[in-house]
Amino acid sequence: MRLTLVELRKAADTRAGFRLIVAVAVLTLAVVAARLAFGEARTLGSLAGDAQLPASVLLPVLGVLSVTSEWSQRTALSTFILVPARGRVVAAKILAACLLATGATAVGLATGVAGFAVGGILDRTTGGWDLSGAVVAQLLLVDCVTMLCGTAFGLLLLNSAPAIVTFYALPIAWTLAAGLLPGLDTAAQWLDIGRARVPLAEPGVTGQEWARFVTSCLLWVALPAALGLLRIHRTEIS
């Protein structure tokens, strides 16, 4: 647990990490305000789901930086001297990423609840306070998986710029390819994590939708994380 707390502190201590956290909080508030100003929130669930968008877009960069900063700032040597078990360090980074995602989910939900209350006063809502525990758990799961996806690409590439570019470019390229080539559409339903996570913002997720989400997570999270862990164990630190 101590290692996890250290990783959490390191994530917020850097200038880039702190600015990302602040940007996520500010943009979450901006998204909710824009939804109420220029549209109508059908239910609390829909507004809370919209409030998670900044975290899902920006927070994975923090996951990338939490790994790659060890190598770009040449602190990996001191880190692994203090904790020779490299797997423990990686596990602490993964757990810290999940805790950060949990915090982002909580901020999004709190902002959504506050915004929905204000929207009710201003007559900018059309539905009720419908937000089930299952949907909250699904939003948390999506945020954690998205954060871990960034962490996994950081583990795989160990360099900030290529990892960030790859994290954003590869899924977009896959989505475009599936849209242009009809033969890939069926495969994209199972391997496009962006499409697979959409149903989790609503209640009543089917077994097939869960299967698609898990399959896409294996490709975009588990596989790069496993390859990255293997690379870290084999990389000579100097």
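**Aromatic pairs: exercises**

At 4% relative accessibility, Phe 153 counts as buried (under 20% relative accessible area; exposed is over 50%, partly exposed in between; 1.4 Å probe, protein chains only). The model is predicted, so local features need pLDDT of at least 70 and side-chain atom pairs pLDDT 80 or more, whereas totals for chains, interfaces and linings use all residues. Residues are numbered from 1 along each chain as its sequence is written, and side-chain values use heavy atoms, without hydrogens and water.

**Exercise 1.** State how many aromatic pairs there are, and classify Phe 153 with Phe 167.

Step 1. Rings of Phe, Tyr and Trp (its six-membered ring) pair if their centres lie within 6.5 Å; planes under 30 degrees apart are stacked, over 60 edge-to-face, the rest tilted. This rule gives three aromatic pairs.

Step 2. The centres of Phe 153 and Phe 167 are 6.1 Å apart and the planes stand at 75°, so the pair is edge-to-face.

Step 3. Phe 153 belongs to helix α7 (residues 133-157) and Phe 167 to helix α8 (residues 160-180), 14 residues apart. Helices are DSSP runs (H or I, at least four residues), numbered from the N terminus.

Step 4. Phe 167 is buried, at 8% relative accessible area. Phe 153, Phe 167 and Tyr 168 form one aromatic cluster.

**Exercise 2.** Classify the pair of Trp 210 and Phe 213, and locate both residues.

Step 1. With 6.3 Å centre to centre and 75° between the planes, the pair of Trp 210 and Phe 213 is edge-to-face.

Step 2. Both residues lie in helix α11 (residues 207-234), three residues apart, about one turn of the helix.

Step 3. Trp 210 is partly exposed at 31% relative accessible area, whereas Phe 213 is buried at 4%.

Conventions: Helices (H or I, at least four residues) and strands (E, at least two) are DSSP runs, numbered from the N terminus.
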